[in-house]
Amino acid sequence: MALLRVSSPHMTQSGTTGHVMLLVMLATLPGLTMLTYFFGWGSLINIVWAGIVALCTEAIILTLRGRSLGFYLRDYSALVTALLLGLALPPSVPWWLTLIATSFAIIIAKHLYGGLGNNLFNPAMIGYALVLIAFPLEMTSWLAPKSLTAMPGEIPSFITSLTSFFSVTKVDSFDVMTMATPLDSFKHKGALTAAELWAKEPILSPKSWQSWQYISLGYLMGGLYLLYRKVFTWHAPISMLAVMAAMSALFWWYDPNQYASPQLHLLGGATMLGAFFIVTDPVTSATSVKGKLYYGACIGLLVYAIRTWGNYPDAVAFSVLLMNFAAPFIDFYTKPRTYGHQRDK
Amino acid sequence: MSTKGYIEITNDGLWHNNPALVQLLGLCPLLAVTASVVNALGLGIATTLVLVGSNLSVSLVRNFVPDTVRLPAFVMIIAALVTCVELLSQAFTYDLYLSLGIFIPLIVTNCAILGRAEAFARKNAILPSILDGFMMGLGFTSVLLILGAMREIIGQGTLFADMHLLLGAIASEWKIILIQDYGGFLFAILPPGAFIGMGLLIAVKSIIDNQISLRKKAHKEISITVNKRVRVTGKIE
């Protein structure tokens, strides 16, 4: 091959925003497949609907702001926001909840701050936090995984999911199938010891617990693929996971009855989705290498603290939003030294 | 010393220098109590009463209070008036007093009131000061009402609920249910909803101001005659 005589940067692959966003969407596939396999069509319907809403609101806002429609819609960032929201929301939520979350994320969290690249906060997490605060009932009930439904091996059919999705009030047959998440049930275990809870609670039975783990491992696989494709560096997600593992291991070792195990913390909730798809958001996170380490570590710390001592069973959204506030501050204090220059005194 | 006309004072209080939308003063009660129209109206009336009273009293004593101790003096006056309003609301609208809670006594710390005493009443005669207090209070109250209505509609799907707390038995039938079987949107009732609603109101005001100034500009451009060019180089012969 003839040597290319072009000036730097010598990129071997396309580095457009749209390309990166497509890779991110591709990387959610393993997790999404697991989610659909264990919990039925709900998440998929949610994601499609969120995608439609995101594209429509994005188009409307772009028109209002007088921006080029084709250029901005083709960077797929709205679709990624919708996809992440769809993955984060419980599979049983009705259409209006997804509509509110997605349009709020795109309009308020993204475009009122100036569009992609200027948003202070992760739009998907803003949308999620909004509906979590506003509709606690819908947001805290997850479907029972495949192994736990009344007839073994049966998950809500496509039609059932669709009817439930489009009804304003909750479908009764769906009510029977919903239950708390593993983290939630651990949080409200009351006076039970951990061993008793694991033996008694159906959501923590080996089969059901397995499904949650598979979903998390799916996200982990997707995250590792993105890492391999160099979409982001390892610093933020790994430091978040390391801090969470260390914290949970420490407290679990101190009192395994009161504190959840590292396994439950790392694989039982939104930890993996958060670590590889939310924390790595290039716009709202810290940018320097050292900054990313601090950023990820603080998120891990906050997630563990809120889960253990706070009011919410899962806390990835709140922790990420809190650290979004702090990202410019972290960047200010972790400015890397320019090569050949002395450190500032 | 008064330099402003009455119309200008009115315009300032209601629009150009609106204490809530432009000066952004008194945000604490503004954001805290505007979850419903009745709370907003109650606090608005209380604040207006205090504003008129404090502007009047400050204007009365403006020539007798030395500059060095004026702030303590103003705060004492405002605190006395707020105590009066608090006792009045306990006497006549006790339920509303309970639901407004700490925010009635907290009117003392509402910077809009001290701000008007310091910026206007201290330098102006009695009548303009009273008008300024009233108009500022009216501007504040109208923002409270709009925000309260927005949050009540979005949050609960109703309008004018519980108005009898403030206006007595005749208002007990005023409640309008705008959306039947509305599940409620808790977010609008909570503080973040207030912040976002407030931001949107400020944005709307900016849009209107922009439109007005654009229209004025367009009007002016037509009337401008052709400019005469001034020659800056070369010799004039």
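**View 1. Surroundings of M125(A) in the predicted model.** Beyond its neighbours within four places in sequence, M125(A) is in contact (C-beta atoms, placed from the backbone, within 7 Å) with I278(A), A317(A), V320(A) and L321(A). This is a predicted model in which local features need pLDDT of at least 70 and side-chain atom pairs count only at pLDDT 80 or more, whereas totals for chains, interfaces and linings use all residues. Residues are numbered from 1 along each chain as its sequence is written, and chains are lettered from A in the order in which they are written.

**View 2. The largest nonpolar core.** A nonpolar core is a set of buried Ala, Val, Leu, Ile, Met, Phe, Trp, Tyr and Cys residues joined through C-beta atoms within 7 Å; buried denotes 20 or more other C-beta atoms within 10 Å of a residue's own, exposed 12 or fewer, and partly exposed a count in between. The largest such core has 89 residues, and L85(A), M125(A) and Y128(A) have the most contacts inside it. Because domain 1 (15-179) and domain 2 (223-334) of chain A both contribute residues, this core lies between them; the domain bounds come from an automatic or database domain assignment.

**View 3. A second, separate core.** This core comprises 42 residues, among them L21(B), I104(B), V143(B) and L147(B).

**View 4. Contact between chains A and B.** Four residues of chain A are in contact with five of chain B. Helix 7 (residues 123-134) of chain A gives the most to the chain A side, with three residues; helices are DSSP runs of H or I with at least four residues, numbered from the N terminus.

Technical notes
Two residues are in contact if their C-beta atoms, placed from the backbone, lie within 7 Å. Helices (H or I, at least four residues) and strands (E, at least two) are DSSP runs, numbered from the N terminus.
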